[in-house]
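Curious how structural terms get attached to a protein? Let's go through some of them together, one question at a time.

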Amino acid sequence: MSVGRFITFEGGEGAGKSTQVRRLAERLREARAGRVVLTTREPGGAPGAEEIRGLLINGDASRWDAMSEALLHFAARREHLVRTIWPALAQGQWVVCDRFADSSLAYQGYGQGLGREAIAALYALAVGDFRPDLTLILDLPVEEGLRRAGKREGGLDRYERMDGAFHHRLRRAFLDVAQQEPERCRLIDAAAGEDLVAARVWEAVAGHFGLYP
Ligand code: TMP
């Protein structure tokens with residue numbers, strides 16, 4: 001359906017996704033002069049989805065039942081797709097998104113114990129056959145990611161305050177996705193400096209979409 005391209009970033013806390021989303025978008029704009037590149041995020045990226053985001057990232061760690069929480073993420077995702085992502089792709093824009101459904105598999109499926117099948121069922125219902133064209137998974141040891149996240153302004157959000165075992169399950173989930181879907185996913189070592197990570201991201205994107213001159 002899409003005439004644009006949909007690129008997602010995934011990974012645990014503190015992996016530097018937001019910075020890399022911004023840097024990739026800048027690089028794509030230069031490389032594809034005249035092309036519109038939209039950056040967006042999940043949960044969020046549409047008015048209703050941003051409201052749902054507030055319900056998800058604030059408050060007590062135990063605030064939601066795991067299934068309720070997954071449903072909220074998929075409700076936000078559906079709004080994001082219908083109001084923002086699909087219209088942009090239909091106009092030929094490239095969309096670079098900070099997290100997408102692999103985060104639901106990692107956080108709710110593995111982290112909160114809902115399992116793969118529940119997430120796959122919600123995905124089929126809310127998203128259908130649509131998939132990212134490319135997913136960049138930024139991988140970082142859990143302790144290093146939480147240390148970096150702890151230094152950010154504004155303190156830790158609801159997920160960052162969950163225990164260490166939870167964060168280890170997230171990392172396992174993202175590594176499993178990278179292994180199971182090698183066509184769609186590229187695993188990038190995020191322990192390196194920001195410039196080196198940006199270079200590896202660009203190499204992966206340029207190679208995947210044939211953007212070399
Ligand atoms: P952020 O830290 O990347 O801004 O994302 C907000 C939090 O939401 C992050 O801790 C991961 C979490 N999350 C889920 O638990 N499930 C999801 O499906 C998504 C997209 C994010």
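Q: How far apart are the mean positions of the positive and negative charges of the protein?
A: In this predicted model, the 29 positive and 30 negative charges have mean positions 3 Å apart. Lys and Arg are counted as positive, Asp and Glu as negative.

Q: Why is glutamine 108 called buried?
A: Buried means under 20% relative accessible area. Glutamine 108 has 1% relative accessibility, so it counts as buried. This residue lies in helix α4, residues 101-111, and 51% of the 213 residues in the protein are buried.

Q: What makes the link between the side chains of glutamine 108 and glutamine 112 a polar contact?
A: A polar contact needs a pair of N or O atoms within 3.5 Å, one able to donate a hydrogen and the other to accept it. The side chains of glutamine 108 and glutamine 112 are joined by such a contact of 3.0 Å.

Q: Which residues does glutamine 108 touch, not counting those up to four places away in sequence?
A: Among them are Ala66, His73, Leu114 and Tyr159. To count as a contact, heavy atoms must be within 4.5 Å.

Conventions. Residues numbered from 1 in each chain as written. Predicted model: local features only at pLDDT ≥ 70, side-chain atom pairs only at ≥ 80, totals over all residues. Heavy atoms only, no water. Buried < 20%, exposed > 50% of the residue type's maximum accessible area, 1.4 Å probe, protein only. Charge placed at Lys NZ, Arg CZ, Asp CG, Glu CD. Helix = DSSP H or I, 4+ residues; strand = E, 2+ residues; numbered from the N terminus.
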